[in-house]
Amino acid sequence: MAGAVLGTSDWYRHFGTVDAPGSSACYADWSLHIADDPALIARIDRWPHNKRQPLLLLAAARYLGAEVSPYGKFRNFLDEHWADVSRTVLSRATQTNEVGRCATLLPSFAAISAAEQKPLALIEVGASAGLALFPDRYSYEYDDGTTVTRLSAEPRPAGQLAAPEPPVLRCAVSGAIPVPAKLPDVVWRAGIDLNPLDVANNDDVAWLEALIWPEQDFRRKRLRQAIGIAREDPPLLVAGDLNEQLMSLAGQAPADAALVVFHSAVMGYLSAGGRSRFRSTVQDLAASRGCHWLSNEGETVIVQEDGSTVVPEMAAGRLRGNFLLLHNGRPVAITGPHGQSLDWL
Ligand SMILES: C[S@@+](CC[C@H](N)C(=O)[O-])C[C@H]1O[C@@H](n2cnc3c(N)ncnc32)[C@H](O)[C@@H]1O
């Protein structure tokens, strides 16, 4: 029992010293205080293991109205709202839908479309609300001065609402990145998620906003803009396990489009067996129908051809805190986890 308590405390200490600093001073402070608050850790330990993760508790508190504050005030908030915090933690999951990741995927999407000389059909597995399924509807600013913007939307008849403003996704770049001159055409898009979030559902939207760290207003702004775009043309999202649903969903993709199966920040939720099964499924799909596979994941869960979880030719330190982007199993870039950077290999 003592071991379980220690484990949760360590999890919050790690979040407060490694994950949060640089992104959220408030979450760093709260997490370190929680790590040293045995009474609260004991309450958190009554939840199932996968519900004890720091971001889930912090997002639940924010969803219920906790404001940026010194720890004492936050602790009082938790005491006063514990039943609701518990209910939220037990009914929700960390489903951050980070639209910024499109900036790190765009060059690969465009290169695939150009190489195949076909428009794209996209399937995102672990899609959350499906906001990364609209890379052709956003604008991009890479810090080498390259911009890729959507041609202005069709003018709308008088009386209709103006087209929603696209988010501008900013990304620091290095290496010889094949930034495209224009956005690729996407003719079909669909996602799979255990629990798809609905951009038309205000509770789901409030949860997506709560998952963004308090100080990161720029992420909240682009989330809201992306939701505005997705609400106009909601993506097809299938509820279920990615390993169960991929083949049948791929069967719906138009045959004359280049199919791309992609995922970011998803493989960590699968067991090693689930990841291995997914690799085989994608390979079967590539052999039977033809598809490209883009995997954008953290270093420890990268699915390798031989079943190993590291990229042999790369020093682990280069990847720490970042994601690796693989195209058909081959490393092509190191990416910032929220799409903030793209280091082409
Ligand atoms: C951290 S979110 C990332 C969402 C999205 N890929 C993005 O980059 O914004 C992970 C998502 O994967 C989904 N997920 C986890 N395991 C899954 C599975 N076995 N099958 C389908 N979806 C899964 C979760 O429900 C969650 O929405």
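1. **Ground rules.** Because the model is predicted, local features need pLDDT of at least 70 and side-chain atom pairs count only at pLDDT 80 or more, while totals for chains, interfaces and linings use all residues. Residues are numbered from 1 along each chain as its sequence is written.

2. **Two domains.** The protein chain is assigned domain 1 (2–91) and domain 2 (99–344); such bounds come from an automatic or database domain assignment. Their C-alpha centres lie 29 Å apart. Nine residues of domain 1 are in contact with eight residues of domain 2 (contact: C-beta atoms, placed from the backbone, within 7 Å). On the side of domain 1 that touches domain 2, helix H2 (25–35) and helix H4 (54–63) each supply at least two residues. Helices (H or I, at least four residues) and strands (E, at least two) are DSSP runs, numbered from the N terminus. That side of domain 1 holds six nonpolar, two polar and one charged residue. Here Ala, Val, Leu, Ile, Met, Phe, Trp, Tyr, Cys and Pro count as nonpolar, Asp, Glu, Lys and Arg as charged, and the others, Gly among them, as polar.

3. **The sheet.** An open, mixed sheet of eleven strands runs in the order S3-S2-S4-S11-S10-S9-S8-S7-S1-S5-S6 (strands pair if DSSP finds at least two bridges between them). Strand S3 (147–148) and strand S6 (236–239) are the edges; each has a single partner strand, so one side of each is left without a neighbour in the sheet.

4. Strand S5 (residues 186–193) pairs with S6 in the parallel sense over four bridges, and Ile192 stands opposite Val238 in S6. Helix H10 (residues 242–250) packs on the sheet, touching strand S1 (120–125), S5, S6 and strand S7 (258–264). The direction of H10 makes about 155 degrees with that of S5; axes are lines fitted to C-alpha atoms, for helices over the stretch in contact, with angles from 0 to 180 degrees between N-to-C directions.

5. **H10 and its helix partner.** The axes of H10 and helix H11 (residues 272–288) come within 10 Å and cross at roughly 10 degrees. That makes H10 roughly parallel to H11 (angles under 35 degrees count as roughly parallel, over 145 as roughly antiparallel, 65 to 115 as roughly perpendicular and the rest as oblique). In H10, Leu242, Asn243, Leu246, Met247 and Ala250 meet Gly274, Arg277, Phe278, Thr281 and Leu285 of H11.

Note on methods. Contact = placed C-beta atoms within 7 Å.
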